[in-house]
Amino acid sequence: MHNTGYNSLRRNFPLENSCLFAIFRSQSEYHCVPFRNEIIAQTVVVHLIKIEKIMKPSESELKAIRISEDYYNKERKSFLKKLLLKKFSFENYETPDLKNLFSLWQKFGLKNSDNKLFSKEEKLECIDKWHKILYNNDFDIIADYHLKDKEFGAQARKVIKENPGVHFNWILPSPENYLDENQSEIGNYN
């Protein structure tokens with residue numbers, strides 16, 4: 001049985017033909033409370049306005065997002081696993097308003113969870129592939145990250161040597177921190 005309730009209508013209305021939607025009103029002159037289908041119609045209109053504002057991904061953004069999905073599905077190599085397990089994909093591809101690598105990474109990047117742990121190298125490799133697709137240049141994110149990581153280590157050793165009795169809490173470099181700190185250098189993509 002197909003669910004024709006309020007939530008089903010709200011969810012499926014944009015997909016169906018909107019010309020067939022009608023509002024029925026009581027012929028009673030004294031009745032001024034909106035009917036349920038009028039409330040649905042108002043909600044659907046709000047929903048349709050939101051759909052128009054959704055940022056759809058460009059071709060290059062979609063390629064980058066697909067790379068992330070490939071990393072999530074990387075372990076499913078055997079034919080049986082591919083058949084039995086549903087492939088990972090993001091629920092929607094609504095891209096952030098800010099067209100930069102950090103914003104896109106926050107939404108579609110590789111995130112560790114109970115089911116999946118990504119190494120720093122996998123994250124860097126994914127970021128590097130994204131950068132090559134979105135910015136269309138050969139800048140090596142991985143080499144730049146390792147260079148900055150090495151500089152951080154040298155600076156940390158120097159500070160510890162100069163202040164032997166002081167305890168420090170270090171925020172160790174991570175691919176996410178690298179993107180956040182270097183976004184001004186990386187800039188926005190088209």
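Helices α3 and α6 cross in a right-handed way, where right-handed means the near helix is turned clockwise from the far one by less than a right angle, and left-handed means anticlockwise. A quick note on the ground rules: this is a predicted model, so local features need pLDDT of at least 70 and side-chain atom pairs count only at pLDDT 80 or more, while totals for chains, interfaces and linings use all residues. Residues are numbered from 1 along each chain as its sequence is written, and side-chain values use heavy atoms, with hydrogens and water left out.

**The α3/α6 pair**

Helix α3 covers residues 59-72 and α6 covers 120-135; their axes come within 9 Å and cross at roughly 165 degrees. Helices here are DSSP runs (H or I, at least four residues), numbered from the N terminus. The axes are lines fitted to C-alpha atoms over the stretch in contact, with angles running from 0 to 180 degrees between N-to-C directions. That crossing makes α3 roughly antiparallel to α6, a label for angles over 145 degrees.

On the α3 side the contact (heavy atoms within 4.5 Å) includes S60, E61, A64 and Y71, and on the α6 side E122, C126, W130 and L134 are among the residues involved. The residues of this contact split into eight nonpolar, two polar and five charged. Nonpolar covers Ala, Val, Leu, Ile, Met, Phe, Trp, Tyr, Cys and Pro; Asp, Glu, Lys and Arg are charged, and the others, Gly among them, are polar.

**The core**

The largest nonpolar core has 25 residues, and L101, W105, L110, C126, W130, L134 and L179 have the most contacts inside it. Such a core is a set of buried Ala, Val, Leu, Ile, Met, Phe, Trp, Tyr and Cys residues joined through side-chain atoms within 4.5 Å. Helix α6 gives the most, with six residues. Beyond four places in sequence, L134 touches S60, E61, A64, L101, L104 and Y189.

Buried means under 20% relative accessible area, exposed over 50%, and partly exposed in between (1.4 Å probe, protein chains only).

| Residue | Relative accessibility | Class |
|---|---|---|
| Y71 | 4% | buried |
| N100 | 7% | buried |
| N136 | 69% | exposed |

Y71 sits in α3, and its C-alpha atom is 9.1 Å from that of K123, 52 residues apart along the chain. N100 is in the loop between α4 (79-84) and α5 (101-108); past its neighbours within four places, N100 contacts Y135, Q183, G187, N188 and Y189. N136, in the loop between α6 and α7, has a positive phi of about 55 degrees although it is not a glycine.

Terms used: Helices (H or I, at least four residues) and strands (E, at least two) are DSSP runs, numbered from the N terminus. Angles under 35 degrees count as roughly parallel, over 145 as roughly antiparallel, 65 to 115 as roughly perpendicular and the rest as oblique.
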